[in-house]
Amino acid sequence: VMLAAQLLYDEIGDLAVIDIGGATTDVHSVTEGSPDIVSMMTSPEPKAKRTVEGDLGLYINAHNLVDRLGTEALDKELGIDTAAVMQEYKPIPETERQFKLTERLCLEAGLVALDRHAGKLRHLYTPQGRRTIAEGKDLTAIKWLVGTGGALTRLPHHETLLRTIADCNKSRMQLLPSPGTVRLLFDNDYIMASIGVLSKEDPESALRLLKESIRWNEIRN
């Protein structure tokens with residue numbers, strides 16, 4: 001997926017890809033960040049960066065996400081018996097209440113993973129006064145957020161979920177893009193991982209298939 005993200009970056013510019021799976025949630029970003037933020041960095045960050053959150057997954061780690069949100073809060077928010085749904089929980093949801101819970105856990109996994117991937121601003125107080133420094137990956141310049149993986153390509157409300165994730169920046173201290181500034185793309189054919197492998201041998205064909213999967217011609221027009 002990282003190779004596919006880099007291939008796409010060369011075509012459309014600064015982007016991040018989020019892959020919410022059954023065991024992990026992975027975030028891949030390809031951006032040099034904002035020049036203003038780079039000047040405040042305490043240490044350099046790679047242009048292409050991948051993080052894997054091993055505690056955030058929609059099946060193997062579903063219990064971790066339920067514990068983060070709390071069963072009582074989920075019961076109230078979703079109007080379901082969360083404990084009962086977890087007893088019948090499956091990797092591919094089948095019932096309405098399973099879909100409700102899966103989508104809510106998907107949102108939480110995406111929000112937490114993106115927050116962990118992104119850096120933050122921090123204030124230091126010195127004899128010369130307050131100084132602001134930047135630590136971690138700067139995502140403020142990304143213009144595209146790509147959803148891949150089963151959840152963000154197949155769940156009924158995947159567009160709403162990814163839009164909420166894209167607009168999650170609630171603090172000036174987070175190195176995330178401002179709400180409403182990022183456009184969404186979806187790996188509709190769920191092939192980004194395979195595209196990355198193909199790009200090693202045939203980058204032109206890989207890019208063509210990737211642009212078909214994200215419906216680039218429709219977006220561009």
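Author: Let us begin with the largest pocket, which has a volume of about 270 Å³. This is a predicted model, in which local features need pLDDT of at least 70 and side-chain atom pairs count only at pLDDT 80 or more, while totals for chains, interfaces and linings use all residues. Residues are numbered from 1 along each chain as its sequence is written, and side-chain values use heavy atoms, with hydrogens and water left out.

Reader: What makes a space a pocket, and what makes it a cavity?

Author: On a 1 Å grid over the protein atoms alone, a pocket is an open set of points with protein on both sides within 12 Å along at least five of seven lines, whereas a cavity is a set of points where a 1.4 Å probe fits but cannot get out; lining residues have an atom within 4 Å of a point. Grid points are joined across faces, edges and corners, and the volume is the space filled by probe spheres set on the points.

Reader: Which residues of the pocket lining are closest to its centre?

Author: Of the 17 lining residues, those are Pro91, Ile92, Pro93, Gly150 and Ala151. Helix H6 (96–117) and helix H7 (149–154) each supply at least two lining residues, and the largest share, three residues, comes from H7. Helices (H or I, at least four residues) and strands (E, at least two) are DSSP runs, numbered from the N terminus.

Reader: How many cavities of 30 Å³ or more are there, and what lines the largest?

Author: The search of the whole structure finds one, and the largest cavity has a volume of about 40 Å³. Its lining is made by Leu114, Ile142, Leu145, Ala166, Leu176, Pro177 and Val182. By class that gives seven nonpolar, no polar and no charged residues, where Ala, Val, Leu, Ile, Met, Phe, Trp, Tyr, Cys and Pro count as nonpolar, Asp, Glu, Lys and Arg as charged, and the others, Gly among them, as polar.

Reader: Why is the pair of Trp144 and Trp216 called edge-to-face?

Author: Rings of Phe, Tyr and Trp (its six-membered ring) pair if their centres lie within 6.5 Å, and planes under 30 degrees apart count as stacked, over 60 as edge-to-face and the rest as tilted. The centres of these two rings are 5.4 Å apart and their planes are at 65 degrees, so the pair is edge-to-face. Trp144 lies in strand S6 (residues 144–148) and Trp216 in helix H11 (residues 216–220), so the pair ties together parts that are 72 residues apart in sequence.

Reader: How do you know that Cys106 is in no disulfide?

Author: A disulfide is a pair of cysteine sulfur atoms within 2.5 Å, and the search of the whole structure finds zero of them. For Cys106 the nearest cysteine sulfur, that of Cys168, is 13 Å away.

Reader: Is Gln174 buried or exposed, and which is Glu32?

Author: Buried means under 20% relative accessible area, exposed over 50% and partly exposed in between (1.4 Å probe, protein chains only). Gln174 has a relative accessible area of 16% and is therefore buried, whereas Glu32, at 56% relative accessibility, counts as exposed.

Reader: Which residues do these two touch?

Author: Contact means heavy atoms within 4.5 Å. Not counting residues up to four places away in sequence, Gln174 touches Asp115, Gly119, Lys120, Cys168 and Asn169. Leaving aside neighbours within four places in sequence, Glu32 is in contact with Asp14, Val38 and Lys47.
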